[in-house]
Amino acid sequence: MAIKGMEPRNAVERLIHEFSRLPGIGPKTAERLTHHLLTAEESQVMALADALIQIKHSVHPCRQCFQPTESELCSICADPARDAQLLCIVEQPKDLMAIERSGVYRGLYHVLQGRLAPLENIGPEKLTIDALLRRVREQNVREVILATNPTLEGDGTALYISNLLSESPVKITRLARGLAAGSHLEFANRDALADALTGRRDY
Ligand SMILES: [Zn+2]
């Protein structure tokens with residue numbers, strides 16, 4: 001078993017070590033995954049290794065909304081059936097996926113790639129806020145939905161963006177009902193998220 005803080009001594013320990021650095025994977029699970037792969041078909045292991053390399057080599061942020069994609073524009077931005085005048089602002093791609101799963105949203109997104117966190121030195125220049133302002137200005141956006149998490153930092157980020165947009169004629173709304181303060185969109189259930197979207201309020 002790999003001991004925390006110790007250098008892995010061989011290939012098996014190295015893989016256990018790498019697995020245990022992933023979110024949600026403790027030492028037991030890291031060992032189980034490693035031992036599973038030791039006995040798995042070679043083709044399965046190679047397919048996994050290939051998929052890992054591909055996500056770093058072929059996936060990059062969408063030119064417009066910054067969610068990960070393999071083309072210049074992601075499938076949502078490229079979909080003509082989407083309402084391009086409606087923009088939903090989220091912190092991370094996983095929040096976008098949670099909103100997509102709710103099935104009630106037909107507009108486009110803008111992924112901030114984080115949230116403002118002064119204590120961690122994450123200021124506006126680290127997020128895609130400039131690109132957002134440009135989109136709102138150039139793309140005739142009708143409504144911006146601030147769907148950052150209902151946490152201290154998510155609320156602060158929403159407030160910061162709304163201040164930047166206060167001179168623009170765009171309507172600004174915020175997810176509300178159904179989402180508990182301090183919760184994260186990615187863990188919200190579908191109905192609560194659908195409710196929060198359809199019941200969004202002027203900000
Ligand atoms: Zn996109």
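This report describes the fold of a predicted model, from its overall layout to its sheet and helix contacts.

## Overall organisation

The chain contains seven helices and seven strands. Read from the N terminus, these elements follow the order α-α-α-β-β-β-α-β-α-β-α-β-α-β. The C-alpha trace extends over about 60 × 35 × 35 Å along its principal axes.

Two domains are assigned: domain 1 covers residues 11–57, and domain 2 covers residues 68–202. A distance of 33 Å separates the C-alpha centres of domain 1 and domain 2.

## The five-stranded sheet

Five strands form an open sheet with mixed pairing, arranged in the order β4-β3-β5-β6-β7. Its edges are formed by β4 (107–111) and β7 (201–202), each of which pairs on one side only. Helix α4 (residues 93–102) packs on this sheet and touches β3 and β4. The direction of α4 makes an angle of about 125 degrees with that of β3.

Within the sheet, strand β3 (residues 83–90) and strand β5 (residues 143–146) run parallel and are joined by four bridges. In this pairing, cysteine 88 is positioned opposite isoleucine 145 of β5.

## Contact between α1 and α2

Helix α1 (residues 11–20) and helix α2 (residues 27–39) have axes that come within 8 Å and cross at roughly 130 degrees. The two helices, α1 and α2, are therefore oblique to each other. Their crossing is right-handed.

On the α1 side, the contact involves Val12, Leu15, Ile16, Phe19 and Ser20; these residues meet Pro27, Ala30, Glu31, Leu33 and Thr34 of α2. By class, the residues of this contact comprise seven nonpolar, two polar and one charged.

The contact of α4 with α7 is made up of five nonpolar, one polar and two charged residues.

Notes. Residues numbered from 1 in each chain as written. Predicted model: local features only at pLDDT ≥ 70, side-chain atom pairs only at ≥ 80, totals over all residues. Pairing = 2+ DSSP bridges. Contact = placed C-beta atoms within 7 Å. Axes fitted to C-alpha atoms, helices over the stretch in contact; angles between N-to-C directions. Parallel < 35°, antiparallel > 145°, perpendicular 65-115°, else oblique. Left-handed = near helix turned anticlockwise from the far one by under 90°. Nonpolar A, V, L, I, M, F, W, Y, C, P; charged D, E, K, R; others polar. Domains from an automatic or database assignment.
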